[in-house]
Amino acid sequence: MAPATKTQYEAVIGLETHCQLTTHTKIFCHCSTAFGSDPNQNVCPVCMGMPGVLPVLNETVLEYAVRAGMALNCTISPYSKFDRKQYFYPDLPKNYQISQYDLPIAEHGWLEIELLDEAGNPLRKKIGITRLHMEEDAGKLVHGGSDRLAGSSFSLADYNRAGVPLCEIVSEPDLRTGQEAAEYAQELRRILRYLDVCDGNMAEGSLRCDVNISVRPVGQQEFGTKVEIKNMNSFNAIQRAIDYEIDRQIKALEAGETIPQETRLWEEGKQRTVSMRSKEGSSDYRYFPEPDLTPIEVTPEQLAAWQGKLPELPAQKRHRYESDLELSAYDARVLTDDFGITRYFEQTLAAGAPAKPAANWIMGDITGYLNNEKQSIDDIALTPKDLAELIELIENQTISNKIGKDLLPELLRQGGSPKQLVKQKGLTQISDPDQLNTMIDEVLAAHPEELEKFHSGKTKLKGFFVGQLMKKTGGRADPKLANQLLTQKLEQK
């Protein structure tokens, strides 16, 4: 019998994403949520679970959760409640977590992911959202002075993160590849960042994804045994972990092995998943209603107010950029990936710049500068208004595109008016035919040998003369007109 191929199996993938909300204080107390504080500084009797204390819900947490649910096309529950999730682990000071179980704040939504085919055309797919619920975070264990348990001789508990507000967002098992899952996670982060309810910083743990994955023969309706993967700290890691796990499960099934229901860890260094523990079921957590918190009722007035705060979301912007601004799917995708870039682009358009040149400058030279300098768009001195002015100078042929590129680093570092800078440096483009013809004659007269070789058939020397003319004019010659006039002169014998 021939060995099975990957195409004979189908992966079924769902994501559970924990998103830290950008409130200043924790979900049930007034302790700070600031990242990077000394261990165990942002704690109090409430988040440490001391006897006799009572939690009080931070209303901003409710608002952020509802707005996120709306942006994900969920149904917002007018009545929901908190529950206690029981488990015993050193980073959980109460020995239970306040979460939501059977009555979450939001259910039955979806988001749209977009992948590009080899030709750059968008391939769109809706991914269902099962639920979104509020909960508190646990603390953090530091093993042997590092983040790794293996090989450590002791563990330290930092409870600063205990009680930090989270939204857990659970997808439907609609994803089929690692690429789809990575794009889903990125689109979810884009949406939350546009809402300004989560900064999505995976390095700081404010966005954490757990993957549930199984494989089954193509055509089979029943799901295979689900395996959970943890410890993925980037979107690339999510894709690689899923691709590895798909191959591992297929090989195990082909070898006649049984896939156990378990939680596995992704080892970045070795590019593999390893078994961590058997997977708990919901019954293991012994959920029951949280007795210290009243049920939550969301009024129609609250819903209307929070609905009014929703911005234009990434998918809506992409569609508008393609239809109204006539940008490519690739351009629209890049420009909407980061909200800071999107805001800068739209402010440049509002200052009068055409869409395509503005997109090219932002995606090309400006993004290249940001990457080299390890800066964000908010760090540069060049304002959107001044970028629009620079583009106008090029579009009306006051300066060449090359001069614009030469000026850009100074503008990015120091800012200022491009028009004034061009005037100060005397960089106005030379577009007078008589002036250019005189300069062309001088260039040709200065290089008689090269001119003779050109007339004898070495036509590639035209590039040499173009370079000499640009050198003579300091790059200020109108490229199109200069090339036209130079061609006419060279054809004269």
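A search of the whole structure finds two cavities of 30 Å³ or more. The model is predicted. The structure also holds seven aromatic pairs, and Tyr87, Tyr101, Tyr285 and Tyr287 form one aromatic cluster. Helix H9, which spans residues 384-395, is largely enclosed by the rest of the structure, because nine of its twelve residues are buried.

**Cavities**

- The largest cavity has a volume of about 40 Å³, and its lining consists of Gln186, Arg189, Arg190, Arg193 and Asp337.
- Helix H2 (residues 178-195) supplies four residues, the largest share of the lining of the largest cavity.
- By class, the lining of the largest cavity has four charged residues, one polar residue and no nonpolar residue.
- The second largest cavity holds about 40 Å³ of space.
- Lining the second largest cavity are Cys47, Leu92, Pro93, Lys94, Tyr96, Glu136, Asp137, Ala162 and Gly163.
- Five nonpolar, three charged and one polar residue make up the lining of the second largest cavity.

**Aromatic pairs**

- Seven aromatic pairs occur in the structure. In the pair of Tyr101 and Tyr287, the ring centres are 4.1 Å apart and the planes lie at 5°, so the pair is stacked.
- Tyr101 sits in the loop between strand E5 (96-99) and strand E6 (106-116), and Tyr287 in the loop between strand E14 (272-278) and strand E15 (288-289), so their pair ties together parts that are 186 residues apart in sequence.
- Tyr101 has a relative accessible area of 35% and is therefore partly exposed. Tyr287 is also partly exposed, at 22% relative accessibility.
- Tyr287 forms an aromatic pair with Tyr285 as well; this pair is edge-to-face, with 6.1 Å from centre to centre and 70° between the planes.
- Tyr285 has a relative accessible area of 15%, so this residue is buried; the cut-off for buried is under 20%.

**Helix H9**

- From its first C-alpha to its last, H9 reaches 16 Å, close to the 16 Å expected at 1.5 Å a residue.
- The buried residues of H9 are Pro384, Asp386, Leu387, Ala388, Glu389, Leu390, Ile391, Leu393 and Ile394.
- These buried residues pack against four helices: H7 (339-350), H8 (355-373), H10 (401-414) and H11 (418-425).

Conventions
Residues are numbered from 1 along each chain as its sequence is written. This is a predicted model: local features need pLDDT of at least 70, side-chain atom pairs count only at pLDDT 80 or more; totals for chains, interfaces and linings use all residues. Side-chain values use heavy atoms; hydrogens and water are left out. Helices (H or I, at least four residues) and strands (E, at least two) are DSSP runs, numbered from the N terminus. The expected span of a helix is 1.5 Å times one less than its number of residues. Buried means under 20% relative accessible area, exposed over 50%, partly exposed in between (1.4 Å probe, protein chains only). Contact means heavy atoms within 4.5 Å. On a 1 Å grid over the protein atoms alone, a cavity is a set of points where a 1.4 Å probe fits but cannot get out, and a pocket is an open set with protein on both sides within 12 Å along at least five of seven lines; lining residues have an atom within 4 Å of a point. Grid points are joined across faces, edges and corners, and a volume is the space filled by probe spheres set on the points. Ala, Val, Leu, Ile, Met, Phe, Trp, Tyr, Cys and Pro count as nonpolar, Asp, Glu, Lys and Arg as charged, and the others, Gly among them, as polar. Rings of Phe, Tyr and Trp (its six-membered ring) pair if their centres lie within 6.5 Å; planes under 30 degrees apart count as stacked, over 60 as edge-to-face and the rest as tilted.
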